[in-house]
Amino acid sequence: MSKQNPKSKSRKEPSKIAEATSEVPAAKIETPEKKSFVKERTPEEKQKDHRDGIIKTIVAALLGTIAGVLCFHLYGTGEDKIWYAILTIVIGITYYIQKFFYPQLNISTKEFKFKDWFYVEFIVIDFFLIVWTLLLN
């Protein structure tokens, strides 16, 4: 007669657990396939999205260029101004200009998500800083 120590009890328990899980039917273990409902776009929709993307990029680039030239003529080197205040003003003004200008070009701003606004404002700020820097040199 052997005495069971606590270690031997823990060794027997996992085998009981393994036997219990093997009794589960295979149908319950398998996960059902998730069906993805990706809307197929027609060639016309793809062409319109491509055209809209090009227009968004061109408008943002032009606004950034105009903002860079204006800041150069208004502030020069901008040494006596707070640069991040100028940057914030440019972001705010160009946001509202784009918000009212895109519907005139048949681009719906209601469909814009954060990613879209971030993209166009990033383009504006890039062009603004590049043009202002080039004019300063």
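Colleague: Of the 137 residues of the chain, what percentage count as buried?
Modeller: This is a predicted model, in which local features need pLDDT of at least 70, side-chain atom pairs count only at pLDDT 80 or more, and totals for chains, interfaces and linings use all residues. Residues are numbered from 1 along each chain as its sequence is written, and side-chain values use heavy atoms, with hydrogens and water left out. Buried means under 20% relative accessible area, exposed over 50%, and partly exposed in between, with a 1.4 Å probe and protein chains only. By that cut-off, the buried share of the 137 residues is 22%.

Colleague: Thanks! Which pattern does the chain follow along the sequence?
Modeller: Helices (H or I, at least four residues) and strands (E, at least two) are DSSP runs, numbered from the N terminus. The chain has 5 helices and 0 strands. Read along the sequence, its pattern is therefore α-α-α-α-α.

Colleague: Among contacts between residues at least 6 apart in sequence, what percentage join residues at least 24 apart?
Modeller: A contact means heavy atoms within 4.5 Å. Of the contacts between residues at least 6 apart in sequence, the share that joins residues at least 24 apart is 76%.

Colleague: Let's turn to helix α5. How far apart are its end C-alpha atoms?
Modeller: The expected span of a helix is 1.5 Å times one less than its number of residues. Helix α5 runs over residues 114-136, so its 23 residues should span 33 Å. The end C-alpha atoms agree with that, at a distance of 32 Å.

Colleague: Which helices are included in what covers the buried residues of α5?
Modeller: The buried residues of α5 include Trp-117, Val-120, Ile-125, Phe-128 and Trp-132. Glu-121 is buried in α5 too. The cover over these buried residues includes α3 (43-75) and α4 (83-101).

Colleague: Which residues does the UniProt annotation "transmembrane region" cover?
Modeller: UniProt positions are given in the numbering used here, feature names are shortened, and annotations may be inferred rather than shown by experiment. In the model, residues 54-75 are 100% helix and 0% strand, with end C-alpha atoms 31 Å apart. Residues 117-135 are also 100% helix and 0% strand, with end C-alpha atoms 27 Å apart. According to the unreviewed UniProt entry, the annotation covers residues 54-75, 81-97 and 117-135.

Colleague: Which residues form the nonpolar patch on the surface?
Modeller: Patches are made of residues with over 30% relative accessible area and no salt bridge, joining like charges within 9 Å and nonpolar side chains (Val, Leu, Ile, Met, Phe, Trp, Tyr) within 5 Å. Leu-70, in helix α3, passes the area cut-off because its relative accessible area is 48%. Areas come from the Shrake-Rupley method with a 1.4 Å probe, and for residues only the protein chains shown count as cover. With about 670 Å² of accessible area together, the patch members are Ile-54, Ile-58, Leu-62, Ile-66, Leu-70, Leu-74 and Tyr-75.

Colleague: Is Thr-109 buried or exposed?
Modeller: Thr-109 lies in the loop between α4 and α5. Leaving out residues up to four places away in sequence, Thr-109 touches Gln-98, Lys-99, Tyr-102, Pro-103 and Trp-117. With a relative accessible area of 17%, Thr-109 counts as buried.

Colleague: And what is phi of Asn-106 near?
Modeller: Asn-106 is found in the loop between α4 and α5, and at 61% relative accessibility Asn-106 counts as exposed. Most residues other than glycine have a negative phi. Asn-106 has a positive value, near 60 degrees.

Colleague: Which side chain meets Arg-41 in a salt bridge?
Modeller: A salt bridge is a side-chain nitrogen of Lys or Arg within 4 Å of a carboxyl oxygen of Asp or Glu, and the structure holds 3 of them. Arg-41 is partly exposed, at 42% relative accessible area. At 2.5 Å, N to O, the partner of Arg-41 is Asp-49.

Colleague: Which residues do salt bridges that share partners join into one network?
Modeller: Asp-52 and Lys-48 meet at 2.8 Å, N to O, and they are separated by about one helical turn because they are 4 residues apart in helix α3. Asp-52 is buried, at 7% relative accessible area. Asp-52 also meets Arg-51, at 3.3 Å, N to O. The network therefore joins Lys-48, Arg-51 and Asp-52.
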